[in-house]
Amino acid sequence: MVDRISEEIAEVLEAVWTLEEEDTATIRNVADNAPVEVSKDLIARLSSEGLIMVDEQEHVHLLPKGRLLAEKIIRRHRLAERLICDVLGARVEDSEAAACEYEHVLAEGITNSICTLLGHPRFCPHNKPIPEGDCCRSARDEVEPIVVSCDQLRVGESARVAYFSAREHSRLLKLSALGISPGITIKLIQKWPAYVVQCEETEIALEPEVAHNIYVWRTPAE
Amino acid sequence: MVSESGRSTKTVVLVGNPNVGKSVIFRLLTGNYVLVSNFPGTTVEVSRGKLQLNGASYEVIDTPGVNSLVPQSEDERVTCEILLKEKPDLIIQVADAKNLRRTLLITSQLAEFGIPMILVLNMIDEAEERGIEIDSKRIAELFSISVVETVAIYSRGRRQLLNAIQAPSCPRNPLRESGAGSRLIESLDGIGAPALLSIEWMAEGNGDLAQAIISSLSPEASSKLGNWIGSYSNGRRNPAREVAEIRSRLLDTSVASFKKKRKSRFTEEGSWSRKILLWLLAGGTLLFLWNEAGGLFNIRTPFEVVSRAVSGRLDRLLTDAGLGGGILQSVLLGKNDGGRYEYGIIPEVIHFLLLIAPVIIPLGMLISRSRTFVYELGILTRRALTGIPILIGVLLLLYEFVGYTGAQTLVALFEDILFGEYVVPLVRSILPAGFISELLAGEYGLISMGLTYAIGIVLPVVGTFFIAFSLLEDSGYLPRLSILSDRLMRIMGLNGKAVLPMVLGFGCGTMATMSTRILSSKRERLIAILLLALGIPCSAQLGVMLGIAAGFSQKATLTVIGVVASQLVLVGFISSRLIGGRPSEFIFEIPPIRRPQFKNVALKTWYRLQWYLKEAVPLFLLGTLVLFVLDALHFNGLSFLKWFERGVAPIISGLLDLPSEAAGIFLLGFLRRDYGAAGLYDLARNGLLNGQQVVVSMVVITLFVPCLASFLMIIKEQGLKRALAIAGFIVPFALLVGYVLNLVLRTFNIQFT
């Protein structure tokens, strides 16, 4: 029974957070967007627990305690999406449902490990910001190399290939036949109208989507 | 696979990455000329040649480039099949010395075949320039093969290569050591075949290739490998992935130890001659732009001023000498249009000296002398901000050369003077009036129409286009065009790679249709062929149309280009959605800019022209003959041609408001598109078309059916059914667009003068 309630609460908090990003967190919208039934009771319970506050225009606001909770849920959800899209190669649309399952079962420690594995990503596949965790903050302080998508490199920057998130295996083969494979250092030399990377002495043009799906270890600036 | 000894002729197969110079090595060995380009994937057909060496004879086979022997495209498959079917006695791997890792990937795959092998590190000069040093001795030791360093285009290293061919050695496979300890490698012990490769083939959907290996083995080895692959393919772990890991470990260690990188030598130069040439190029470009702007804004241009002065003086000299009005005058000076002389030899020389030469000569000298310049040019041409202005410049230069020198001056000299003044009158004067004279020199005569169009109009245009295209191709400029156009091509369901067939289509649609083979998916080949057939006018047609357009305002030309281009994008967009699927991904290697080799460009142009003369001229004659017969045969007092014109008149006159003669021209258009355009040219010159009709008829003939030759090529590439479907779509579509355009022009009363 306790779990059931917390899951309901989690879903509402998640919906409020997401709507707040778009500045449209009204009770109506929250009820429409949360995957659980949002009864007056539920809202009242959240308010009484000091998680949210509803103003006269029926706008829902997260209170500090609720924000803290929501941040963790959102972080788990969006990290899970990244994991499913980037590493497992699922489509963005499919990642949503699976991520919903993940967000309830991931423990804090595991969340941070996933975050580190993915190179402390800052945005989910839908391009919404992922709240930072402790691991992100300490990583930034220690300037450890982080994994970014190849299209996030600066022009002229070199980086070591970490992994591809290719749906088709054929792309992997094509890239590795041209010399781009995990462990190899590539240099981004152009972003527009097509991406161009240099690998050994070969220049290779890539369409944006391909460049986006090559993940590289960015070496910290010396 | 053990090589079959005892054959009198030994088979040598050339294998290697795309654009590393296999075809140049092929030429070096056999003396046979194959078209080579600075564009990956030029060799789509397999060439064979003979080599005699100290009494031994060899058959050398050139193959399409591969990036890996695990094939990803059809031409890569072709190469694998050749290796399996031909059972070569010797494999020569040709490689770009600059890219050692990619080279050794293929070496490690080829080594598995156990066939004697040589590794040719070509373009060693480019590697040296970039400060790359390669320890070829240690590569030779690792694989136990001979490694030869060459610069094939200068024949450097040829003798060493010939020596190596006479004493080849069997490679060993270092993968077996680098994968030592792996259960996978151990379990394959004792199987001599390319076992690891067949695992990868199996895993990547090339089971037939793997089967070919298995069936060629001894019974025990075959059952061992077969069982093994069977058991592994049921397992959870992908064995191909393990093979790839072992390979990549080998490559990492060997590249790290065999390749050293020092500072590149680009920075060492900064000489005066380079600076002077750069200034000359800048000046030449300004002069060129000034001349180009002249036509648009009615400014006096250097070309016009000089041309008037020189030609005018010469004209007076000739007239004083009593040679005025003669052939000599029209050959030298062309037409005198109110003091402006055009389309003669003298104005053409001035045109070349003042427009083309000031840009091309410093550019060519810089490319051949300054490595830094070439390197920077390579960068500037692929960036949007600099690349697009450069592209516009290239197109304008192309127009000046093909559209002016080719389609105006040379056509005037060939058609008007050679055929119009000499050949046709001569034939008429020799032959007595009658059937033969009509057949050869009548209205639809084989000489007066067929040869005049083929040699007089089309040959100069295709000739100049082929020269320009070969230059562009060998310079490595075209792949940069792919980068610039990728996003546009994507709208049409293609990717940047499709730019080569499209550009080639402006030369010859038939050749372009054949070259769609470089595209990686069937759906892209279909879309590209459809678009080529629909709306890419070939140079011959384009040249003729530019000639017609020259008589009307630039608004007419722009309208035609605008309508055709928008239809191309529209049809590409819709058809790609109808066919479904996505454009295949654009992952494309860009070769460096290189100086085109004069001999190669000349030979290439010559081969292409030969091809034109052999393929196209007979079709021209056939087309004329068909027209002649249709015109000569009468039924109910009217010729068949007239009946045909009458039959389609409702469409031609009713829908498109064109004179009924245009019907015959559209019929001609099917035999050769340019042939149709040439007929249009005649109509326009005789004042039978007004501005609106010119625009409508040019749009229709551009969109109209591809010529007979390219239609035959479409059948060959896509099958009869699809070819008919393509034609069945294009004909009504072209008429529909013409109809709508005509309606719009008339409704809004848009005039072209």
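User: In strand 11 of chain B, what is the bridge partner of Ile204(A)?

Analyst: In this predicted model, Ile204(A) is bridged to Glu589(B) in strand 11 of chain B.

User: How do you know that strand 7 of chain A and strand 11 of chain B pair?

Analyst: Two strands count as paired if DSSP finds at least two bridges between them. Strand 7 (residues 202–206) of chain A and strand 11 of chain B have four bridges, in the antiparallel sense, so they meet the condition of at least two.

User: What sheet do these strands belong to, and in which order do the strands come?

Analyst: The sheet is open and has seven strands, in the order 3(A)-8(A)-4(A)-5(A)-6(A)-7(A)-11(B), with antiparallel pairing. Strand 3 (146–149) of chain A and strand 11 of chain B are called edge strands because each pairs on one side only. Neighbouring strands of this sheet are turned against each other by 40° on average, direction ignored. Within the sheet, strand 6 (residues 195–199) of chain A is joined to strand 7 of chain A by five bridges and runs antiparallel to strand 7. Tyr195(A) has Leu206(A) as its bridge partner there.

User: Which helix lies across strand 6 and strand 7 of chain A together with strand 11 of chain B?

Analyst: That is helix 21 of chain B, which runs at about 145° to strand 11 of chain B.

User: What makes up the side of chain B that touches chain A?

Analyst: In total, 29 residues of chain B are in contact with 24 residues of chain A. Helix 3 (100–110), helix 12 (239–258), helix 21 (478–491) and strand 11 (587–590) of chain B each supply at least two residues to that side of chain B. Helix 21 gives the most, with five residues. By class, this side of chain B holds twelve charged, nine nonpolar and eight polar residues.

User: Why is helix 20 of chain B called roughly antiparallel to helix 27 of chain B?

Analyst: The axes of helix 20 (residues 446–475) and helix 27 (residues 598–632) of chain B come within 9 Å and cross at roughly 155°. Angles over 145 degrees count as roughly antiparallel, so helix 20 of chain B is roughly antiparallel to helix 27 of chain B. Helix 20 passes helix 27 in a right-handed crossing. The residues of this contact are 16 nonpolar, six polar and three charged.

User: Which residues of helix 18 of chain B meet helix 21 of chain B?

Analyst: Ala384(B), Gly387(B), Ile388(B) and Leu391(B) in helix 18 meet Arg480(B), Leu481(B) and Leu484(B) in helix 21. The contact comprises five nonpolar residues, one polar and one charged. The axes of helix 18 (residues 384–430) and helix 21 of chain B come within 11 Å and cross at roughly 115°. The crossing is left-handed.

User: How do you know that strand 2 and strand 3 of chain B pair?

Analyst: A pair needs at least two bridges. Strand 2 (residues 47–53) and strand 3 of chain B have seven bridges in the antiparallel sense, so they count as paired. Arg48(B) stands opposite Ile61(B) in strand 3 of chain B. The hairpin of these strands has two residues between the strands, and Asn54(B) takes a positive phi near 45° in the hairpin.

User: Which strand of chain B is joined to strand 3 of chain B by six bridges?

Analyst: Strand 1 (residues 9–16) of chain B is, and strand 1 runs parallel to strand 3 (residues 56–62) of chain B. Thr11(B) stands opposite Glu59(B) in strand 3 of chain B.

Notes: Residues numbered from 1 in each chain as written. Chains lettered and ligands numbered in written order. Predicted model: local features only at pLDDT ≥ 70, side-chain atom pairs only at ≥ 80, totals over all residues. Contact = placed C-beta atoms within 7 Å. Nonpolar A, V, L, I, M, F, W, Y, C, P; charged D, E, K, R; others polar. Axes fitted to C-alpha atoms, helices over the stretch in contact; angles between N-to-C directions. Parallel < 35°, antiparallel > 145°, perpendicular 65-115°, else oblique. Left-handed = near helix turned anticlockwise from the far one by under 90°.
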